[in-house]
Amino acid sequence: MGSFFGSCPLPPDISPVPKRNMARTPRSDFNGNLARREKRLAFLLLFPTFILVLGIVLLPLVANFWISFKPVTLGDLRPPSLIIKETLRGTVNSPGDIFKIEYRFRNSSLKYPLTEASFRDKVPDGFLITVMDPACEITSEGSQRTIVCKLGDLNAKARGRLNIEAVVKDPLLVNKDILKASKPKTLFITQNIMTSFEFTLENYKKVFSAAEFWDVLRTSIYYTVFGTAGALLFGLFAAQIMLKKFPGRSIIRGLLLFPYVAPVIAVAFSWVVLFDPFSGVVNTMLSQIGIVEGPINFFGQRKVDINIFGLTIEFPVALSMVIMFEIWRYFPLSFLFILARMQSIPTDIYEAAKMDGATPFQQFWSLSLPFIAGILAVLFLLRFIWTFNKFDDIFLLTGGNAGTRTLTVNVYEQAFAISNLGAGAAVAVVIFVFLLIFSIIFIRFSPKDAA
Amino acid sequence: MKFWMTGFFASALTGFVWVALWHLLLTIMAILATGAALTLALGPAALSGLVAGVFAALQRPTTLCNRRMIGIILVAFLLFSFSLGTPFDSGGLLPTWQRLLLLLLASVGGWLTIEKTVGPAKVGFMGRYAIEEFYLRLFWGIGLIMFVLIVAVPFYVMVMTSLKSQQSLLINPLDFSIDYSLGVTKLLRSYIELFTDYGFMTLLMNSALVSVATVIITLLFSVPGAYAVAKLRFPGRYWLSGSILLIYLIPAIILVIPLYAIFSQLGMRNSLFALCIVYPATTIPVAVYMLRGYFAGLPSDLDDAGLMDGLSRLQIITRIAMPLSMPAIASVALYVFMIAWNEFLFAFMFLDDVKLFTLSRGIVSLNSSEVPRQHLMAGAVIATAPVLFLFLWFERFFVSGLTAGSVKG
């Protein structure tokens, strides 16, 4: 794939001189003192970047595969712990008062045991323990007295209580507030599901056997193919239009980039408000002008039956809207790229073609298109990958409802709505593998630039 | 001879399309500007345009000295008579001066665009080259208007909705007229409420903090990294410069579950710090890629001269390479700022605490039935304004950053 990125378009003004200094150096140059210092410095300069990318990108990528084979839910992220509640009964006011300390304990985890569980609680002086729970004992280090209770192994959900009875000796040293002031400290050993070696194929089984999985995959592919192709096509049109010089061109070029530059959150909600079934401009306008009878729930309606010459076609409303949004938001990108490429085509070849009597369409087909074929292919691949991975747009517009649930929204649904992290990770793996296969096939058959 | 290759047919079609389009656009604008329930009458408009187009084709520039004036009057007259005296407003909802203004705009705009499109066309058969150019002029004009409209309308609705009150939105969603008599505080009520009741100041500060921190961290990491890849010789250099963008193509949705899990277990998920290390990690590869190209373009003689004068490599970076590549660094900074400011996924997943919300995260919670729409749109404007302002101010740097980083989406 490295060669592919070699042909990735660089903006003309970013690298003023072709990579003169990138010429391959013979291996022998790496020897020698100076060269060794240079090598060390290079590694030093790259080290922070390397660590950050490793930790935040590559490690999670591997971790995602790891999680996809594990029965992990959102709840498992909070590690199992021992929960102790302390209650006092009786009065602690004057000498001779009898009171009870009760410790209620439980294993917070619903799944995993705790081993060698124990807790310690600091207690003040000034009282005498009369009845001690057999699990506990009192120790003193200097003047500090501590109750230590050994609970042993606790199964998942296990709970119980320990009782201690005591009699007050010196009310100046002990009262309810002092007794309650110290919180019990717990000690236990538990396994962390994220790091254990417990694996399962359950997540994949669940993902592939789910009734809607193939629908979701199909929606993803429709969304990606039409969104990518549409954005490229609109970008191509826009580039053709902006190629001509006219007053105000640079202002309009800036305006055309707005959808891409503005935050997704702002433009997505603008669309939601614009197409709102009750108070949206589009619906009110359509019904006022007399095109539709009732309001259309653009982002909430799965499909509408359209009759064309007696043929009924099921038209997916919400999915089309989401695709239109995708095209609207990302055509500026293809536009920018294609325009830059077209402006770099030497004008004299067009003059020559004109002399030979080639019409504008012929010029476009046989001159411009071959020149931009390479960049169209690159753009298609990159946009395909990014559109396939697009989550925010659909999530904000429809929440994945009304037939717009793509694989990415499914990752979120599985992992965070149903709280099954493992299944979400499994869907993410499906996405990754799909894109990998697509990229390999695409790069093998993609057209090369004429230039 | 095919009929569609005659100037006569092409001109008639041009008039038909242009005047109908002007009629449509002006009607919609009038509805949005006044809130009046106007109805659309495309038929008469298209018919007027057709006649005007035929006139434009038949009338050579040489035969009438004041062709433009006559054309405009002709379109106005046709629009007026075909619509039986009520162009734009069959219900009589608008005051007379507004109707006259609309008629004037439609006829001036309609005729000028017809004239511009028809140009020096012949009436009869035009030949392949000339007729293709003719139709391309028509499509060019229509295309330009359509593109400007589809891009501008959502932003227009966003700004205008944010200035309306709840009642006026419910009464007539199409009414985007601004009542200046309300005074500034009433008009900007949604904005003021967002800042006083919804804590938007905190959101704004959080977003600014995270974005600026991301820019700084990205530059701190990527400038030395890019310099090393561009100028220093070390094994693995070619492999590295080729594969650095591959990292960039790894989708965020695949990283979000493991990062969520790891950060949760470390107890640092719900913090701006988490965002400040996740964002740079996703932007550094492209920053290295962009800067590497620029650094490689700087002549190596400069570095050698610096070394001769006893500068260390780090000094060369800060005193020679960086000052010379300020345009590229500005591009990277703006691009990274935009990415961080607009980022939604990680902010949405990571942050639970309202005090830590960034703008993206905070505005999502405005999207509920309890919060009025104009507040949501005011929030959208607040989120959009800084980044659009930067974009317009530094467009040149921004565009080169976008083209280099535009694999991102």
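## Exercises on a predicted two-chain model

Ser419(A) lies in the loop between helix H14 (407–417) and helix H15 (421–445) of chain A.

**Exercise 1.** Find the phi angle of Ser419(A), and decide whether Ser419(A) counts as buried, exposed or partly exposed.

*Solution.* Begin with the backbone, where phi of Ser419(A) is near 60°, a positive value in a residue that is not glycine. Next, count the neighbours: Ser419(A) has 15 C-beta neighbours inside 10 Å. A residue is buried at 20 or more such neighbours and exposed at 12 or fewer, so Ser419(A), with its 15, counts as partly exposed.

**Exercise 2.** Carry out the analysis for Glu116(A), stating in which element Glu116(A) is found.

*Solution.* Glu116(A) belongs to strand E3 (residues 114–123) of chain A. Its phi is near 50°, again positive in a residue other than glycine. Because 13 C-beta neighbours lie inside 10 Å, Glu116(A) is classed as partly exposed.

**Exercise 3.** Work out whether chain B is a compact globule or more spread out than one.

*Solution.* Start with the secondary structure, which in chain B consists of 19 helices and 0 strands. The radius of gyration of chain B is 29 Å, whereas the globule rule gives 22 Å for 409 residues; the value is well over the rule, and chain B is therefore more spread out than a compact globule. The C-alpha trace of chain B spans about 80 × 55 × 35 Å along its principal axes, and buried residues make up 48% of the chain's 409 residues. Finally, of the contacts in chain B between residues at least 6 apart in sequence, 80% join residues at least 24 apart.

**Exercise 4.** Determine how H8(A) and H5(B) are oriented to each other.

*Solution.* Helix H8 (residues 264–274) of chain A packs against H5(B) at an angle of about 80°, with the axes 9 Å apart. Angles of 65 to 115 degrees count as roughly perpendicular, and the two helices are therefore roughly perpendicular to each other. Residues making the contact include Trp271(A) and Leu274(A) of H8(A), and Phe155(B) and Met158(B) of H5(B). By class, the contact has 9 nonpolar, 2 polar and no charged residues.

Technical notes. Residues numbered from 1 in each chain as written. Chains lettered and ligands numbered in written order. Predicted model: local features only at pLDDT ≥ 70, side-chain atom pairs only at ≥ 80, totals over all residues. Helix = DSSP H or I, 4+ residues; strand = E, 2+ residues; numbered from the N terminus. Rg over C-alpha atoms; globule rule 2.2 N^0.38 Å. Contact = placed C-beta atoms within 7 Å. Axes fitted to C-alpha atoms, helices over the stretch in contact; angles between N-to-C directions. Parallel < 35°, antiparallel > 145°, perpendicular 65-115°, else oblique. Nonpolar A, V, L, I, M, F, W, Y, C, P; charged D, E, K, R; others polar.
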